[in-house]
Amino acid sequence: MADITPARKLFDLLVSRDFDPEMLDSSGKPAADPAETEIYSFDFRAQSGKDYGTVVIMLGDDNDLEV
């Protein structure tokens, strides 16, 4: 069974809210495993359809979160 890391929990939350997150490693290259991802990037669209632009979420070494 895969480890349930904060990165994996964040990925599951974003997907369950119909966002399509791009997963990146610390150098900005595509990451294959959500549990090891350090950067998530996605377009934020409200239910009304209004596009608020791109959101970038970075996870730090101490599980701190920066939006």
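Me: Which pattern does the protein chain follow, read along the sequence?
Reply: This is a predicted model. The protein chain has 1 helix and 4 strands. Read along the sequence, these elements give the pattern α-β-β-β-β.

Me: What radius of gyration does the protein chain have, and what would a compact globule have?
Reply: The C-alpha trace spans about 35 × 25 × 20 Å along its principal axes. For 67 residues, a compact globule would have a radius of gyration near 11 Å. The protein chain agrees with this, at 12 Å.

Me: How many aromatic pairs are there, and is the pair of Phe-19 and Phe-42 stacked, edge-to-face or tilted?
Reply: The count comes to 4 aromatic pairs. In the pair of Phe-19 and Phe-42, the ring centres are 4.8 Å apart and the planes stand at 50 degrees. Planes under 30 degrees apart would count as stacked and over 60 as edge-to-face, so this pair is tilted.

Me: How many residues apart in sequence are the parts that Phe-19 and Phe-42 tie together?
Reply: Phe-19 lies in the loop between helix 1 (6-16) and strand 1 (22-24). Phe-42 lies in strand 2 (residues 39-45), so the pair ties together parts whose separation in sequence is 23 residues.

Me: Is Phe-44 buried, exposed or partly exposed?
Reply: Buried means under 20% relative accessible area and exposed means over 50%. Phe-19, at 19%, is buried. Phe-44 has 31% relative accessibility, so Phe-44 counts as partly exposed.

Me: Which residues do ring pairs link into a cluster?
Reply: Phe-19 and Phe-42 form one of the pairs. Phe-19 and Phe-44 form a stacked pair, 5.7 Å centre to centre. The cluster linked by ring pairs consists of Phe-19, Phe-42, Phe-44 and Tyr-52.

Note on methods:
Residues numbered from 1 in each chain as written. Predicted model: local features only at pLDDT ≥ 70, side-chain atom pairs only at ≥ 80, totals over all residues. Heavy atoms only, no water. Phe/Tyr/Trp six-rings, centres within 6.5 Å; stacked < 30°, edge-to-face > 60°. Helix = DSSP H or I, 4+ residues; strand = E, 2+ residues; numbered from the N terminus. Buried < 20%, exposed > 50% of the residue type's maximum accessible area, 1.4 Å probe, protein only. Rg over C-alpha atoms; globule rule 2.2 N^0.38 Å.
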